[in-house]
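Trainee: I'd like to learn how to read a few features off a model. Can we go through some together?

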Amino acid sequence: MLDITEPLKPDAISPDGRPVSLQKQLTERIQQAILSGYLPADTRLMSSRALAKELGISRNTVVNVYEHLAAEGYILADRQGTRVAPVSGLASKATAPMQSRPDTVQLATRLTPFITNPLQPESDALLSPGMPAIKEFPITVWRRAIERANRQFMPRMLGYGAPTGEYALRDAIATHLHVARGVRCDPHRIVITEGARQALELCVTLLTDPGDTVWMEEPGYRGAKAAFSAGNLHMEMMKVDGEGVCIPEDAWQNRAPKLIYLTPAHQYPTGAVLSVSRRLSLITQAARKNAWLIEDDYDGDFRHSGGPIASMQGLTEDAPVFYIGSFSKTMFPSLKLGYVVFPANVMKQASTVLNEIMRSGQQLQQLALADFMKSGEFGRHLGRMRRLYRERQRILRQALTEHFSPEQVLGGKSGMHLTLLLAPGTDDKKIVSLARQHGIGVQAFSSYSVSNDAAAGLVIGYGNTPAEVIPEAVSVLAALSKQERRF
């Protein structure tokens with residue numbers, strides 16, 4: 001039995017080596033006695049004077065303990081004395097112990113596609129898709145931008161920032177997008193977010209209700225699927241071919257969506273570019289059906305042949321397009337800064353709501369990034385990375401065609417990855433698991449689809465992998481692929 005009158009230890013030490021005060025010892029002892037049921041509800045406790053005498057400690061210590069326990073709701077004090085408060089959910093000495101919870105937990109059903117079709121996390125392993133050449137990032141130049149931002153930092157920036165983000169960064173983004181991507185925007189239509197994922201979640205919050213329909217590319221970006229699942233949206237998958245997403249002729253009449261998610265400049269993971277005819281058709285139909293397009297400009301800044309692919313948003317005036325992007329690939333992933341360009345009419349209506357649902361932070365990083373962009377360092381960095389990725393892509397394609405047919409390789413004109421299609425029936429997830437043992441971080445192509453008949457393949461990144469090690473890594477993948485087919 002727990003006896004609260006047992007002597008306390010003046011020299012008690014906690015597991016982390018710190019001394020434990022008499023007050024803390026007594027507080028924890030009484031709490032444990034109440035929670036274990038040894039001091040049931042309505043049990044009268046000794047007066048502070050009597051307990052202090054019994055323990056040989058100061059009465060003030062006991063008074064402080066009782067006051068603390070009363071504040072937390074463990075005990076009640078009145079004219080009749082101090083007694084244990086009724087605390088629901090506690091086991092008593094006369095009752096059986098509470099049944100323990102099972103080891104496995106039932107997660108939300110909306111997560112089922114991700115549980116049954118897991119994706120290996122990104123890492124610094126070789127050939128990991130989505131990882132830029134972070135070792136080539138000009139860290140010294142970035143430190144100087146941080147230092148200049150520090151000199152601008154004022155006490156007001158310790159609080160919440162404007163819900164749309166720092167104006168200096170929004171202005172720098174607007175300039176870059178207009179020049180490099182043909183986006184029609186101004187700083188007042190841009191909202192800074194914590195990466196592209198929050199940008200997607202913001203679109204879901206502003207534009208949809210649970211049960212609304214969203215069209216997704218199949219195969220497609222899993223982060224978008226997770227965001228839409230979290231919003232309890234009904235996802236319909238639209239197949240992708242050589243011209244990008246392909247919408248069936250009757251889809252608009254039978255089941256028009258509220259949102260359509262697209263990666264038109266460089267479809268992820270197939271690398272297809274959405275044709276201009278399909279872009280214009282989507283814009284026209286979305287305007288007619290009161291739907292909204294989300295243009296995720298994934299890898300749009302890394303075009304390896306010809307000029308950059310212009311944005312879909314900039315094709316027409318007042319296009320029903322939310323244009324989103326982030327700096328995780330163009331800068332580095334841990335920066336966690338992204339943005340949304342709103343249609344002008346939506347921004348007018350959403351301004352008040354944004355004050356309620358957005359709490360801007362990272363003001364220092366935002367100011368540093370604005371400085372980095374306006375000084376021209378961002379453009380110079382993109383130029384260096386384009387040349388670097390172009391060469392790494394060339395080496396990867398050459399290595400792949402030494403072991404596989406050129407027709408098996410998708411993509412190549414943009415971005416930081418290629419996709420290798422494998423023979424039907426190949427267990428691409430098994431190859432990925434084996435590749436991890438060799439320090440190779442490719443992803444299974446089938447993991448980007450929700451259909452049971454998803455094509456097999458490997459999504460192979462080259463952004464984070466030096467050119468000189470690419471051929472050997474591809475040789476390992478070829479050997480693993482042949483090994484899997486033998487079984």
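Mentor: Strands are DSSP runs of E, at least two residues long, and helices are runs of H or I with at least four, both numbered from the N terminus. Two strands pair if DSSP finds at least two bridges between them. Here, β1 and β2 make a hairpin, with two residues between them.

Mentor: A word on the source: this is a predicted model, where local features need pLDDT of at least 70, side-chain atom pairs count only at pLDDT 80 or more, and totals for chains, interfaces and linings use all residues. Residues are numbered from 1 along each chain as its sequence is written, and side-chain values use heavy atoms, with hydrogens and water left out.

Trainee: In which sense do β1 and β2 pair, and over how many bridges?

Mentor: Antiparallel, over four bridges, with β1 spanning residues 75-78. As for the faces of β2 (residues 81-84), T82 and V84 sit on the covered one, G81 and R83 on the uncovered one.

Trainee: Now Q267: where is the place of that residue?

Mentor: In the loop between β7 (259-262) and α10 (276-289). Buried means under 20% relative accessible area, exposed over 50%, partly exposed in between (1.4 Å probe, protein chains only). Q267 counts as buried because its relative accessibility is 1%.

Trainee: And which residues does Q267 touch?

Mentor: Contact means heavy atoms within 4.5 Å. Leaving out residues up to four places away in sequence, Q267 touches E217, P219, G220, V240 and A272. By contrast, L315, in the loop between β8 (292-296) and β9 (321-326), is partly exposed at 32% relative accessible area.
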